[in-house]
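Q: I want to learn how to read salt bridges in a model. Where do I start?

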Amino acid sequence: MNANLEGPQDLASSERINGVQNDSSDRTGRVHLTRGFGQFFTGYFLPSVFLLLFLIVGVSTASAQNRAYVTNIAAGTVSVIDTATNTEIAVIPVGSQPIAVAILPNGTRAYVANQNSASVSVINTATNMVIATIPVGEGPSGVAVSPNGLRVYVTNQGDDNVSVINTLTNTVIGTIPVGVAPFGVKFNTAGTRAYVTNRLSGSVSVIDTASLTVVATIQVGSIPWAVVLNTAGTRAYVANGGDNTVSVIDTTTNTVIATISVMNDPIAIAISPDGTRVYVANQESHSVSVIDTTTNTVINTVIVGAFPSGIAVGPGGTFIYVTNQGSGTVSVIDSANLAVVANIPTTGACPFGIAVIDTTTGGGTTAADVTITGRVARADGRGIGRVYVTLSGGGLAEPLYALTNPFGYYRFDGVESGETYVLSVTAKRYRFADPQRVLNLDDSIANVDFIAQP
């Protein structure tokens with residue numbers, strides 16, 4: 001048995017489902033862009049420059065294994081793309097001016113930063129519906145999920161900080177001050193560090209995820225937009241839009257060890273699973289630079305659509321997906337020959353952020369079903385019957401409930417392993433010192449008992 005039980009947590013016993021936030025009100029921000037058309041949609045609190053009519057495509061209930069989620073920044077929607085057929089299969093209304101998206105390692109939830117709503121929309125990828133809306137700071141612009149799926153970090157440009165979200169409760173549990181106008185954010189594979197680009201400070205803040213404090217500040221190029229790390233966590237790559245470069249950071253020493261020239265206005269960055277290539281979306285050059293990480297040189301430039309703004313690598317690194325604001329498309333690049341093999345239209349205007357479901361990297365669910373058993377009892381050892389025990393979290397669309405028998409025993413069968421769940425108990429006549437448990441479930445687990453206070 002490999003299940004890991006953590007101590008008492010401030011957790012909700014079930015997932016609260018909220019309506020879709022529709023905040024279209026204008027706000028006044030202090031962070032503004034100074035560059036041309038190619039970036040006017042990436043400023044803090046984006047202007048309403050035109051009216052849009054868009055079609056709401058029917059919600060998909062199919063398997064979410066082959067999916068990409070794309071934020072349509074001018075439409076307030078997220079497009080769902082079937083990467084097996086390269087077609088848009090759903091459009092989901094979210095908050096105002098969604099700019100970034102990240103997905104849980106198991107692929108069950110997508111988190112969308114809504115820049116003008118000061119919120120994060122949580123999408124259930126099985127139903128493609130918004131199940132929660134989380135208030136964060138002003139001008140949320142970047143979003144990243146921790147490798148264990150328990151935390152989401154959101155950069156707030158207007159507040160110069162990062163919101164820390166507990167994914168089990170969908171609540172903000174901490175706020176971390178960083179540099180000026182934070183934009184991009186990424187975790188290392190171990191989940192011990194998070195790296196934040198500060199656009200107007202020209203720096204990267206390194207956050208210790210245990211203490212929720214900045215432990216280093218690294219000066220990089222001008223207007224750093226995005227950051228990515230290799231799997232080993234030894235290198236971080238930063239796209240600097242102000243001077244058309246990529247900074248290479250040695251994460252052991254927190255120093256820049258190389259600076260690579262790319263095309264005009266690099267704004268987004270991704271890395272191959274084996275770490276041998278870095279892909280950089282250059283907005284004003286309508287292209288993607290391909291960097292060989294062994295030599296830190298550009299080995300190819302791929303022309304894509306107009307004003308590319310987001311980039312993601314698919315499972316196995318076979319395909320690279322690039323959002324094109326000006327073309328209203330997603331370009332698909334074959335990594336073998338570095339050629340565009342498809343251009344996928346999106347219903348919403350100005351596709352910007354993109355995330356691809358990838359459950360092959362160790363964070364995904366397994367096919368095994370396991371069992372959870374235990375007992376609810378009084379301090380004197382007598383079982384408490386007819387008490388509800390609730391199982392929530394993981395990939396469950398809705399919480400599961402078990403009623404204890406007259407001797408206080410309960411049982412959950414057919415629970416998917418490889419997930420993190422919350423197990424909780426409530427009883428009108430009894431109080432429990434430890435009414436909730438967090439289970440990192442790798443195998444069947446027994447004797448998860450709840451003891452009522454005397």
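A: Start with the rule. A salt bridge is a side-chain nitrogen of Lys or Arg within 4 Å of a carboxyl oxygen of Asp or Glu. The general idea: side chains of opposite charge can pair when their charged atoms come close. Keep in mind that this model is predicted.

Q: How many salt bridges does the rule give here?

A: The count is six. One of them joins D208 and R193, with N to O at 2.6 Å. This pair links distant parts of the chain. D208 lies in strand β15 (residues 203-208), R193 in strand β14 (residues 193-198), and the two are 15 residues apart.

Q: Is D208 buried or exposed?

A: Buried means under 20% relative accessible area. D208 has 16%, so D208 is buried.

Q: Which residue forms a salt bridge with R235?

A: D250 does. The closest N and O atoms are 3.8 Å apart. Distant parts of the chain are linked here: R235 sits in strand β18 (residues 235-240) and D250 in strand β19 (residues 245-250), 15 residues apart. For accessibility, R235 is partly exposed at 26%. D250 is buried at 15%.

Q: What about R437 and D434?

A: Their side chains meet in a salt bridge, N to O at 2.7 Å. Apply the burial cut-off again. R437 has a relative accessibility of 13%, so R437 counts as buried. D434 has 23%, which makes D434 partly exposed.

Conventions: Residues are numbered from 1 along each chain as its sequence is written. This is a predicted model: local features need pLDDT of at least 70, side-chain atom pairs count only at pLDDT 80 or more; totals for chains, interfaces and linings use all residues. Side-chain values use heavy atoms; hydrogens and water are left out. Helices (H or I, at least four residues) and strands (E, at least two) are DSSP runs, numbered from the N terminus. Buried means under 20% relative accessible area, exposed over 50%, partly exposed in between (1.4 Å probe, protein chains only).
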